[in-house]
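Please look over the sequence and the model below before reading my points.

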Amino acid sequence: MRLLTPPGVFRPRSDSRLLAATVAGMIRPGGRVLDLCTGSGIVAVSAALAGAGEVTAVDLSRRAVATAWLNARRNGVAVRARRGDLYAAVAGLRFDLIATNPPYLPGAEAPARGAARAWEGGPDGRRFLDRIIDGAPAHLAPGGVLLLLHSSVCGVEATLARMDAAGLRGDVAVRERGPLGPLLSARADALEERGLLAPGERDEDVVVFRAAATQGARL
């Protein structure tokens, strides 16, 4: 895959590549895919290359939206790129697969602009995670699946509980253990003081959650 990441657009790292590979392995031929917080468009392009019938990429950053569209063109696939605040950009639409690697770094309020919007997830890292989970049932087609990625620092059980409360049946699809990424590592002492890391802990799990609507949930 050929990706362009201009200044101001988050350059894909190992977590982005993990989600992109997970998405590619779950594509239904002709399925409708939504990539929230698309950034460079790596997940959206992977879905299109894997045979998705319709792919929509959403980001709040104008530069990211343009980059996702351009990277789709560079790879010979079609991606509809939209600017907006999460599901507001796709009001009334439903998808067979929703995939997202949202900002989840705990520590600071998400800024209104600038590159840090790509990683700052609020004090506990869940500012966007919970909104994405809560809004998913209204945008999943029957049989549709949400794939959500974040660090274990943000709380694995908290995400599973939130999915359950939203009427979603969630589990862990992929889990990879490794050293803290550079952004988390830089604020590890502060996260330890706040109880988000155990004393001396400098590893994390990068987790891809999978969730589907339970029977009787409103779709």
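The numbered points below concern a predicted model and take up the sheet, then the helices.

1. The strands form an open sheet of 7, in the order 3-2-1-4-5-7-6, and the pairing is mixed. Strand 3 (80-83) and strand 6 (168-179) are the edge strands, each pairing on one side only. From one strand to the next the twist averages 15°.

2. In general, strands of a sheet pair through backbone hydrogen bonds, and the pairing is either parallel or antiparallel. Here strand 2 and strand 3 run parallel and are joined by 4 bridges. As an example, Val-58 has Arg-82 in strand 3 as its bridge partner. Helix 3 packs on the sheet, where it touches strand 2 and strand 3, and its direction makes about 180° with that of strand 3.

3. Helix 1 lies across strand 4, strand 5 (140-151), strand 6 and strand 7 (203-213). Its direction is at about 160° to strand 5. Thr-22 lies in helix 1. Is Thr-22 buried or exposed? With a relative accessible area of 13%, Thr-22 falls under the 20% cut-off, so this residue counts as buried. Leaving aside residues up to four places away in sequence, Thr-22 touches Leu-147, Val-174 and Val-208.

4. Helix 2 (residues 42-49) is largely enclosed by the rest of the structure, because 7 of its 8 residues are buried. Among them are Ile-42, Val-43 and Val-45. The buried residues of helix 2 pack against helix 1 (14-24), strand 1 (32-36), strand 2 (54-59), helix 3 (62-74) and strand 4 (95-100). After helix 2 comes Gly-51, with a positive phi near 110°.

Technical notes
Residues are numbered from 1 along each chain as its sequence is written. This is a predicted model: local features need pLDDT of at least 70, side-chain atom pairs count only at pLDDT 80 or more; totals for chains, interfaces and linings use all residues. Side-chain values use heavy atoms; hydrogens and water are left out. Buried means under 20% relative accessible area, exposed over 50%, partly exposed in between (1.4 Å probe, protein chains only). Helices (H or I, at least four residues) and strands (E, at least two) are DSSP runs, numbered from the N terminus. Contact means heavy atoms within 4.5 Å. Two strands pair if DSSP finds at least two bridges between them. Axes are lines fitted to C-alpha atoms, for helices over the stretch in contact, and angles run from 0 to 180 degrees between N-to-C directions.
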